[in-house]
Amino acid sequence: MPRYDFKKIESRWQQFWEQNQTFQAADCVPGKPKMYVLDMFPYPSGEGLHVGHPEGYTATDIVCRYSRMKGMNVLHPMGWDAFGLPAEEFARQKGIHPRIKTEENISTFRRQLKMLGFSYDWSRELSTTDPDYYRWTQWIFLQIYDTWYDSHCVWTGPDGVQRQGRGRPISELPIPQDVQAAGQDAVRRYQDRHRLAYLSEAPVNWCPELGTVLANEEVIDGRSERGDHPVVRLKLKQWMLRITSYADRLAEELSELSWPESIKYMQRNWIGRSVGAEVDFRIAASEGSFEKWTEGRQAAGFMNEAEADVIRIYTTRPDTLFGVTYMVLAPEHALVDRLTTPERKHAVEEYRQTASLKSDLDRTDLAKGKTGVFTGGYAINPVNGERVPVWIADYVLISYGTGAIMAVPGHDERDYEFAKAFEIPIVQVVAPVGAQAGPADLQTAAFTEYGVAVNSGIWNGTPTADFKISITAELSARGLAREAVNYRLRDWLFSRQRYWGEPFPVWHELDADGNPTGLMRTDSPDSLPVLHPHVEDFKPTGTPEPMLSKAGDDWLYRTDKDGVRLKRETNSMPQWAGSCWYYLRFCDNRNSVNFIDPEKEKYWLPVDLYIGGAEHAVLHLLYSRFWHKVLFDRGHVSHPEPFKRLVNQGMILGENGEKMSKSRGNVVNPERVVEHRGADALRLYEMFMGPLEQVKPWQTSGVEGVYRFLGRVWRMIIDDRAEDVSLDEAVHDIAPTHEQLRLLHRTIRAVTEDIERLAFNTAISRMMEFTNEMTEQTVRPKSVLESFVLLLAPFAPHLAEELWAALGHQQTLAYESWPVSDPAYLVEDTVEVPVQISGKLRGRIVVPAGLSAAELQAFAEADQNVQKYIEGKAVVKVIAVPGRMVNFVVR
RNA sequence: GCCGGAGUGGCGAAAUGGCAGACGCGCCGGAUUCAAAAUCCGGUAGGUGUAAAAACCUGUGUGGGUUCGAGUCCCACCUCCGGUACCA
């Protein structure tokens with residue numbers, strides 16, 4: 001084999017690894033530190049692998065191969081996130097079952113990944129679409145369904161940390177007396193209202209084109225994230241997961257994680273915790289006097305649910321209560337009818353009608369101009385007894401806070417804009433302090449910053465922060481307000497209407513007439529999985545009626561032991577479900593009695609390194625953490641967080657610097673690169689392009705560069721003119737020179753440090769430097785080359801194995817010890833030190849290493865060029881840093 | 001609008017506050033060859049200067065600042081990329 005024949009080499013070693021199961025991980029190996037390195041598993045699309053995939057996958061593969069050589073027990077699995085719309089869309093067009101297309105796609109992906117020589121333990125492969133996998137997805141759903149959140153529970157978890165708030169079995173939910181008294185059905189309904197998985201009828205994002213509802217997270221500017229189709233709001237009964245119960249823990253426990261700050265920040269923002277107050281405004285037209293009502297409240301205190309004639313608002317600025325000039329209810333608010341006067345009825349109805357038809361897109365589009373109508377009704381401001389007009393407007397959302405606000409146009413931009421549009425008075429109650437002290441100019445804009453209170457009666461002069469606290473306390477004491485916390489995060493809309501997703505393991509009870517009673521039963525855990533029914537065609541129903549309702553009666557109905565007729569839940573789970581817990585199943589993918597063996601969970605978890613794209617910053621990573629915490633609370637996992645360290649690889653752009661896409665015609669096909677230059681060259685190039693986390697453009701000529709480097713490595717060791725693979729005549733089994741050892745150990749140190757930092761681009765540069773220098777040597781000691789081949793192995797494993805064998809080794813190098821750099825070879829005899837005059841570089845001196853500052857200065861002064869600059873000048877100061885530099889400050 | 005991140009040769013990029021541009025691509029010159037491919041060697045920030053050197057000047061988006069010394073730290077601004085947007 002004269003030339004570097006990557007085709008032969010790569011297929012040989014891929015076969016070798018497969019036959020010898022080189023990378024199969026053993027569970028729970030005593031005495032070896034474990035290392036769980038995970039890639040975000042791909043959706044196996046029909047397009048096949050994209051160059052973005054091998055970027056993260058190569059990075060993790062390098063870490064894994066390196067860690068094995070460092071003596072760690074490495075878990076490095078791969079699987080498929082294979083439920084989802086595209087396979088179903090294909091089925092709809094071609095009439096082929098989604099499972100068939102899915103399996104075909106998986107085969108392509110598997111073949112392409114194997115072609116790249118990643119050291120996955122393929123015996124742990126799984127797909128979210130395997131009945132044996134989604135059996136446990138359904139099981140976890142049942143766990144969530146069986147859980148309620150006890151926000152008062154203080155407890156200590158297996159991690160030894162004390163927390164407040166815990167997901168507990170629904171059977172432990174305290175049932176109030178009156179509910180208990182109302183009978184068994186009432187108790188069941190009460191429980192159902194407290195479960196972490198519950199049915200709710202609420203306006204949802206319905207996408208007619210995709211034939212499904214979407215989560216808030218999947219809707220961008222009123223259009224679907226997938227496919228960019230319009231989304232409208234529709235009131236439907238849907239499954240929700242109570243992720244908001246975990247909002248605080250999801251936000252707080254981020255701080256322990258080694259994740260990019262930007263991702264943590266995005267998650268915190270998404271959760272959007274805000275602290276403020278709920279304040280009650282009584283409707284002016286209510287029965288009885290306002291004074292009487294406040295006296296009653298003073299005695300009874302703040303009520304959990306306000307009376308039917310009270311508008312409860314949420315505000316983060318209770319200090320601006322004296323500046324309230326109007327109030328706004330969301331158009332869907334329950335009190336609108338009560339407030340609306342007969343003469344305003346027509347306008348209000350009309351507005352509500354238009355608002356309900358508006359999709360989020362329309363609402364955003366019209367964001368420039370605020371709309372709304374006056375209801376004709378008034379409420380009383382609890383701080384000063386003033387009558388405040390009540391409006392409805394769609395800039396107030398029914399789904400946030402209480403769905404009602406007090407409007408303070410002087411100190412809130414949105415209220416300001418609205419007040420300007422409808423000529424509502426603007427009152428200043430906060431004055432700026434500090435540099436910009438003086439009256440704020442409310443002619444052009446609201447003043448939203450903190451300051452001191454004005455026009456606020458006895459509170460005048462109170463700083464904003466103090467005022468917020470004291471007014472809340474005062475109103476609380478009078479039973480008119482309470483401190484409140486709100487989240488931007490909403491409960492997770494968890495049902496879809498499509499076929500190709502996990503069916504819910506839930507049944508609805510039917511009454512004698514075949515109508516649902518609202519009570520539910522679940523499939524027993526040991527009867528799982530609930531398989532998909534046979535369906536003839538995959539056209540969406542065109543209505544919000546789920547695809548699974550097309551199933552036959554034998555799937556849809558059954559009669560329980562007690563004679564109750566049941567209808568199956570026909571929604572399916574979203575694609576996020578399967579990806580929420582796959583990292584757990586990889587530890588124990590064949591277990592048929594448990595979703596994961598507790599011992600294996602304790603051993604492998606948490607994931608030590610998780611690499612994937614930043615596009616999953618909030619969705620997948622937040623959902624996963626949520627499920628994990630529920631499982632943690634219920635005692636099924638022993639760590640509070642699934643992913644200890646997260647790294648986002650940067651996107652690879654096309655050669656023109658634009659995002660790769662078919663329409664731009666700049667897509668690079670990794671399979672073609674492998675055909676021409678080999679897997680090692682592709683892997684090496686993707687790592688050499690630049691820092692892992694950085695966005696970087698593809699350069700075909702760059703692939704050539706690393707390919708040439710691999711050729712040089714080959715020729716450094718192998719005689720490329722010989723008939724068979726034999727060592728080059730320069731390679732000798734002799735003791736290396738000191739210089740050669742220094743070169744080697746410098747390289748070992750640099751490459752090791754760079755891998756630890758995931759700085760693969762510079763690691764490769766160092767190996768290039770080694771090769772350039774070693775190739776010049778006419779005598780190349782075998783031992784030095786052997787160490788070098790081990791350094792190269794994580795990056796270009798096929799070539800390294802081939803060279804390792806050529807150097808006379810019988811076994812794979814996958815478990816050889818990683819070379820250690822000996823500091824003895826790193827000490828230099830002499831160093832070159834720059835000399836500056838007043839900070840400008842004026843010379844370089846070569847001096848013995850280890851000089852003191854004074855000695856170094858003496859050497860520097862002796863330098864001719866330096867002399868020239870010092871002569872006749874006064875040396876004011878000399879800075880000499882041993883081994884680094886000398887600087888003479890002259891005047 | 002707000003919040004992140006980034007601006008360094010022709011290009012991808014290096015650089016614990018201490019020699020800016022390592023390494024690779026491209027380009028130029030040379031060797032090898034009948035010729036080419038492949039390979040190998042040398043050069044390559046811009047400028048002044050020189051027979052050639054030496055030497056000097058200017059350079060890390062722009063303008064200021066801190067420091068003996070700034071690509072790196074601080075302030076302001078510009079541009080690009082990403083996220084987010086009525087959340088009261």
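Helices in these legends are DSSP runs of H or I with at least four residues, numbered from the N terminus. The model shown in every view is predicted.

**Figure 1. The protein surface around RNA strand B.** There are 52 residues around RNA strand B. Thr316, Lys370, Tyr400, Arg414 and Arg490 come nearest. Of the atoms of RNA strand B that come within 4 Å of the protein, 69% belong to sugar and phosphate.

Figure 2. Tyrosine 395 uses a backbone N or O atom, which lies 3.0 Å from a sugar or linking oxygen of the RNA. Leucine 397 also takes part through its backbone: one of its polar backbone atoms is 2.9 Å from a base nitrogen of RNA strand B. Glutamate 832 uses its side chain instead.

**Figure 3. Helix H23 crossing helix H25.** The crossing is left-handed. On the H23 side, the contact is made by Val706, Phe709, Arg712, Val713 and Met716. H25 brings Met767, Met768, Phe770, Thr771, Asn772, Met774 and Thr775. By class, this contact has 8 nonpolar, 3 polar and 1 charged residues.

**Figure 4. Helix H24 packed on helix H26.** H24 spans residues 738–756 and H26 spans residues 782–792. They pack at an angle of about 15°, with their axes 10 Å apart. The cut-off for roughly parallel is an angle under 35 degrees, so H24 counts as roughly parallel to H26. H24 passes H26 in a left-handed crossing. Leu744, Thr747, Ile748 and Val751 of H24 make the contact with Val784, Ser787, Phe788 and Leu791 of H26. These residues divide into 6 nonpolar, 2 polar and no charged.

Figure 5. Most peptide bonds are trans. Leucine 528 and proline 529 are joined by a cis bond, with omega about 5°. Proline 529 sits in the loop between strand E23 (516–522) and helix H16 (553–556). Leucine 605 and proline 606 are also joined by a cis bond, with omega about -5°. The loop holding proline 606 runs between helix H19 (598–604) and strand E26 (609–613).

**Figure 6. The backbone at glutamate 423.** Most residues other than glycine have a negative phi. Glutamate 423 has a positive phi, near 55°. This residue lies in the loop between helix H14 (413–422) and strand E18 (430–431).

Definitions and conventions:
Residues are numbered from 1 along each chain as its sequence is written. Chains are lettered from A and ligands numbered from 1 in the order in which they are written. This is a predicted model: local features need pLDDT of at least 70, side-chain atom pairs count only at pLDDT 80 or more; totals for chains, interfaces and linings use all residues. Side-chain values use heavy atoms; hydrogens and water are left out. A residue is near a molecule or strand if one of its heavy atoms lies within 4 Å of it. A polar contact is a pair of N or O atoms within 3.5 Å; within protein, one must be able to donate a hydrogen and the other to accept it, and residues adjacent in sequence count only if both atoms are side-chain atoms. A crossing is left-handed if the near helix is turned anticlockwise from the far one by less than a right angle, and right-handed if clockwise. Helices (H or I, at least four residues) and strands (E, at least two) are DSSP runs, numbered from the N terminus. Contact means heavy atoms within 4.5 Å. Ala, Val, Leu, Ile, Met, Phe, Trp, Tyr, Cys and Pro count as nonpolar, Asp, Glu, Lys and Arg as charged, and the others, Gly among them, as polar. Axes are lines fitted to C-alpha atoms, for helices over the stretch in contact, and angles run from 0 to 180 degrees between N-to-C directions. Angles under 35 degrees count as roughly parallel, over 145 as roughly antiparallel, 65 to 115 as roughly perpendicular and the rest as oblique.
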